[in-house]
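Please find below some notes for the discussion of this structure. They are set out as numbered points, to be read beside the sequence and the coordinates.

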Amino acid sequence: MRRDFSRGRGQEGRRGRSGAGARLGCSAPLRASASQGVGAKATREGATTAADQGAGHHRPVGRPTSSGSRCCSLCCLASSQVPMEEMEEELKCPVCGSFYREPIILPCSHNLCQACARNILVQTPESESPQSRRASGSGVSDYDYLDLDKMSLYSEADSGYGSYGGFASAPTTPCQKSPNGVRVFPPAMPPPATHLSPALAPVPRNSCITCPQCHRSLILDDRGLRGFPKNRVLEGVIDRYQQSKAAALKCQLCEKAPKEATVMCEQCDVFYCDPCRLRCHPPRGPLAKHRLVPPAQGRVSRRLSPRKVSTCTDHELENHSMYCVQCKMPVCYQCLEEGKHSSHEVKALGAMWKLHKSQLSQALNGLSDRAKEAKEFLVQLRNMVQQIQENSVEFEACLVAQCDALIDALNRRKAQLLARVNKEHEHKLKVVRDQISHCTVKLRQTTGLMEYCLEVIKENDPSGFLQISDALIRRVHLTEDQWGKGTLTPRMTTDFDLSLDNSPLLQSIHQLDFVQVKASSPVPATPILQLEECCTHNNSATLSWKQPPLSTVPAEGYILELDDGSGGQFREVYVGKETMCTVDGLHFNSTYNARVKAFNKTGVSPYSKTLVLQTSEVAWFAFDPGSAHSDIIFSNDNLTVTCSSYDDRVVLGKTGFSKGVHYWELTIDRYDNHPDPAFGVARMDVMKDVMLGKDDKAWAMYVDNNRSWFMHNNSHTNRTEGGITKGATIGVLLDLNRKTLTFFINDEQQGPIAFDNVEGLFFPAVSLNRNVQVTLHTGLPVPDFYSSRASIA
């Protein structure tokens, strides 16, 4: 994991080939040699006893056999544990949505009603049929044709429309949807009227059928739908399921809402309501001889009717007696005599029946365990719902109690503060009232003295007046002095010198939130820094840590912190699960402190011990091919560069500088036709197809064989005599402590300080054309004369 410290669906593949190819291959005519025929015949004769023994599949299901009792009992147990209603969708045709009628098995292992299979047939062009291809000598196999046909019938976008792209007479037909939600493609043209059953009615040549569930397609051969085996087992399951339903039997011919059946025809094996019986089964002609019975009796007669024996699809008069392992299908003796399976492994039908039953039972055993676990899990989830509700009520009550306690505490504090306000109020009123009373008495005395003095002045007796005038004058002055400064000033202000600071409390209320009350586990232990794996390189630092050996509390992640290289505050530089991290973009010749802590859902661990890291004093770097112009040519481990263009092109160094003093040199390996290369520093986003210094992202000195100039933002300054030749050395001194940039040619300073007030992140940079080749030299110390000059300054 690396951290930079200096800077803040695909195209779907074609569907897999249809499984129908194997079926077509097996049903195609095969030539068998004489030896193959003998072998097949011998296999037939040797397998007779095993086939006879395998006839146990005609026994009742509940009767155990010596070898299959365990698996049969397990199947019965599993079926008894599963409600019959939950498998109803397995017993319905994906086309019509009703229970299967005379189901057939497609090569993809899905089932269809025989009538529904006929309804979704699509006729393909004669020129595209496998027979015409074989006749024309085309190299495309039947199996390949199925893929092509499938891709033409269904678009990759699954738009819901299907047609055969190469058949101009078959218009694109919108799809329908069965009650099960499966797309059904109707036939390209209506089937011709026929009085034959769906199984025996002729199928148009070159017909194609597509499974509505997996969309695999295949071309029917001359046998048509008779080439598909009938699923007798599924018929039996449907019969048992329907017998287990307590609901009244429904008419099988009602188009919309089926009515309750009133009769059943034993010959047609169909339940009729009265309107459908009169319309579809009139009591005349050949139908008059059919026996109609009540629906309940018809159900019983269905249950008691013997199970039909499965016959071979190629030889309808032959029963299945053997099983081809390669083709995965039952076969008859005549198939073996014809040599169709001469090179295949053929086993007795009964033995394979028992073997597959055992395998299915074992698979059901595992599935039963999963179903049992799922039921227990559902019980657990339902208990969790109840527990969540109970905990919610309890937690809500606790929350209300806590908030009420806060409100009570606030009300008590409110009463205390109001008491203080009332006390201050009473104190102010008492002071003001006392002052009013005092001033009233004083004013009454003053007014009496004034009235007395006025009456004395009215007296005409001089001697009597002079006897008391001195005393009255003193009293008047004394009374006036008593009304002196401060006497007529209120002793109390009307303002209340109280200020309620409620901002901390409001902030606490706003910050009031939930915290994790119950800790699932303690905090992780303090990580340990692995000193042997921690190191620095240039301005990068790699740190590694681990959990203590005896720690039992897992950590979900770690937080790595570094300071700023000057003893400042720590800051996060990495948060994640890794236990090693490389931090780039640090300052050169700086000391960093690093520490790490672990965290999980409970909290964070204490910090590890602090590790002190020292970055390199000088920088070792090369030119960066990733950011350079495409015309730049690199060699010598990216230390030597030239250009393939006559125009100037820019190349940067790999390392950036933002602090410290740095010095590097470039030697002129080749210098033809007096070009003017430029040397200096630049930002990462500097223009790469112009001379260095043309924009405001670069600070450079460009030089020819006689003189040099400094340039920034296309501004040329400080022309200085002295140029370069082959073998010359250009020195660049970047002093970010003093924020200056200085250039040297052959160890002599070229002109004054080129630029000052340079700060930020800078990368060494060069611009040159095809007439110049330079080599970079790094890891150099600062020149002595500059160090001594800097120390004096």
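1. Two strands are taken to pair if DSSP finds at least two bridges between them. On that basis, an open sheet of 3 strands can be described, with antiparallel pairing and the order β12-β11-β13. Strands β12 (270-272) and β13 (292-293) stand at the edges; each has a single partner strand, so one side of each is left without a neighbour in the sheet. Strand β11 (residues 263-265) is joined to β13 by 2 bridges, and the two run antiparallel. M264 has V293 in β13 as its bridge partner.

2. The model is a predicted one, and its confidence should be kept in view. The protein chain has an average pLDDT of 78, and 75% of the residues score at least 70. The pLDDT falls below 50 over residues 7-82, a stretch with 77 contacts in the model beyond near neighbours in sequence. Residues 133-196 likewise have a pLDDT under 50, and here the model has 109 contacts beyond four places in sequence.

3. M711 has H716 in β32 as its bridge partner. R707 also takes part in a salt bridge with D704 (3.9 Å, N to O). D704 counts as buried because its relative accessibility is 13%, where the cut-off for buried is under 20%.

4. Which residues does H110 contact, leaving aside its neighbours within four places in sequence? They are I104, I105, C211, Q213 and C214. H110 lies in the loop between β2 (103-105) and β3 (111-113). H110 and C211 are 101 residues apart in sequence, yet their C-alpha atoms are 7.5 Å apart in space. With a relative accessibility of 25%, H110 counts as partly exposed.

5. How many salt bridges does a search of the whole structure find? The search finds 17. One of the pairs is that of E561 and R595, whose side chains meet at 3.0 Å, N to O. This pair links distant parts of the chain, with E561 in strand β20 (residues 557-562) and R595 in strand β23 (residues 591-599), 34 residues apart. Is E561 buried or exposed? E561 counts as buried, at 6% relative accessibility.

6. Further salt bridges deserve mention. E88 forms one with K92, the closest N and O atoms being 3.0 Å apart. K92 is buried, since its relative accessible area is 18% and the cut-off for buried is under 20%.

7. The final point concerns the surface. F377, L378, L381, M384 and I388 form a nonpolar patch there, with about 450 Å² of accessible area together. One of these residues, L381, is found in helix α12 (residues 349-457). L381 is partly exposed, with a relative accessible area of 33%; that value clears the threshold of over 30% required of patch residues.

Definitions and conventions
Residues are numbered from 1 along each chain as its sequence is written. This is a predicted model: local features need pLDDT of at least 70, side-chain atom pairs count only at pLDDT 80 or more; totals for chains, interfaces and linings use all residues. Side-chain values use heavy atoms; hydrogens and water are left out. Patches are made of residues with over 30% relative accessible area and no salt bridge: like charges are joined within 9 Å, nonpolar side chains (Val, Leu, Ile, Met, Phe, Trp, Tyr) within 5 Å. Accessible areas come from the Shrake-Rupley method with a 1.4 Å probe; for residues, only the protein chains shown count as cover. A salt bridge is a side-chain nitrogen of Lys or Arg within 4 Å of a carboxyl oxygen of Asp or Glu. Helices (H or I, at least four residues) and strands (E, at least two) are DSSP runs, numbered from the N terminus. Buried means under 20% relative accessible area, exposed over 50%, partly exposed in between (1.4 Å probe, protein chains only). pLDDT is the predictor's confidence in each residue, from 0 to 100. Contact means heavy atoms within 4.5 Å.
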